[in-house]
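Reader: I want to learn how to read a ligand site. Can you take me through one, step by step?

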Amino acid sequence: MNWDLKEVSKDIRCDVLSSIAHVGVGHLGGSLSIVDVLTVLYFEAMKVNPQDPHMPGRDRFVCSKGHAGPAVYATLSRRGFFDRERLFVLNDGGAGMPSHCDMHIPGVDMTAGSLGQGFSCAVGMALGSRLEDDGATVYALLGDGESQEGQIWESAMFAASKKLDNLIAFTDYNKLQSDGTVAQINDLAPLGAKWAAFGWNVIDVASGNDVDEISAAVRQAKANRGSGKPTMVILNTVKGCGVQWIMDLGVASHSCNINEEQLKAAIAVIKGV
Ligand SMILES: Cc1ncc(C[n+]2csc(CCOP(=O)(O)OP(=O)(O)O)c2C)c(N)n1
């Protein structure tokens, strides 16, 4: 099926906002900045089956910046892994819908939240897939603040050393983390050169919230299979993308409040009504 990716990304954005507004507070900035890459992955690139979430040989996705769970859940429910109503028990104790990615939820391949760990799991999955020869591609999404964790670079080195060209990772390079700008706290620049020095194929996407640019980058990354190098796609994104007042919050968008009035206004802008 051919989806209209721009329209799908609008629906997912609205669902992210709605589920977090139901709680009143959450990781809005970092969830909105990854909606577009999730759209391309789940509605175009990945071999998955919502009717059979554990299908052997399926592609895997690990959202290593696990606090962006609301974006992953909104994407999975739109793709048909579970009913949309389930988005509205986010963070309800006992409902099994914690806002950090949890693999008990259909379609979630790996629990994450302790930054750095998810990426290690993705690297292990890529190695496992190659040993099983199941033809899968493993995708992982890292935060830029998360990339200040030493564990990321240990995994990066291991993936290149094992020539895991079935692994495609993304950095959500929105230049902000929870306590300040990434540059203020521990600068990553030049990020692409660092990944290249670690033995990775690197693709830079200037507009990391543009589904067409992301889609082209993923096609290029897939064509890299056989090269013996894993691929890092650096997405230059905007934290809070899609909602002006959330983007304007900057660092404060990391975890922020949203009320019903703000929700209605944001949905109207996104949907253009
Ligand atoms: C090991 C670990 N240390 C600290 C935290 C607390 N924490 C949660 S989100 C975050 C900032 C992450 O920044 P980034 O990866 O850039 O995410 P984004 O800004 O895109 O949401 C921090 C420090 C954590 N979850 N895990």
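This is a predicted model: local features need pLDDT of at least 70, side-chain atom pairs count only at pLDDT 80 or more; totals for chains, interfaces and linings use all residues.

Reader: Which polar backbone atom is 2.9 Å from an oxygen atom of the ligand?

Author: One belonging to Leu 176. Now turn to a side chain. Lys 239 places a polar side-chain atom 2.5 Å from an oxygen atom of the ligand.

Reader: How much of the ligand does the protein bury?

Author: Taken alone, the ligand exposes 590 Å². The protein buries 76% of that area.

Reader: Which residues come nearest to the ligand?

Author: Read the shell by distance. There are 18 residues around the ligand. His 67, Gly 113, Asp 144, Gly 145 and Lys 239 come nearest.

Reader: What is the make-up of that shell by class?

Author: Sort by class next. The shell around the ligand has ten polar, six charged and two nonpolar residues.

Reader: How many residues line the largest pocket, and which lie nearest its centre?

Author: The lining has 20 residues. Nearest the centre of the largest pocket are His 67, Leu 115, Glu 146, Gln 177 and His 254. By class, the lining counts twelve polar, six charged and two nonpolar residues.

How values were computed:
Residues are numbered from 1 along each chain as its sequence is written. Side-chain values use heavy atoms; hydrogens and water are left out. A residue is near a molecule or strand if one of its heavy atoms lies within 4 Å of it. A polar contact is a pair of N or O atoms within 3.5 Å; within protein, one must be able to donate a hydrogen and the other to accept it, and residues adjacent in sequence count only if both atoms are side-chain atoms. Accessible areas come from the Shrake-Rupley method with a 1.4 Å probe; for residues, only the protein chains shown count as cover. Ala, Val, Leu, Ile, Met, Phe, Trp, Tyr, Cys and Pro count as nonpolar, Asp, Glu, Lys and Arg as charged, and the others, Gly among them, as polar. On a 1 Å grid over the protein atoms alone, a cavity is a set of points where a 1.4 Å probe fits but cannot get out, and a pocket is an open set with protein on both sides within 12 Å along at least five of seven lines; lining residues have an atom within 4 Å of a point.
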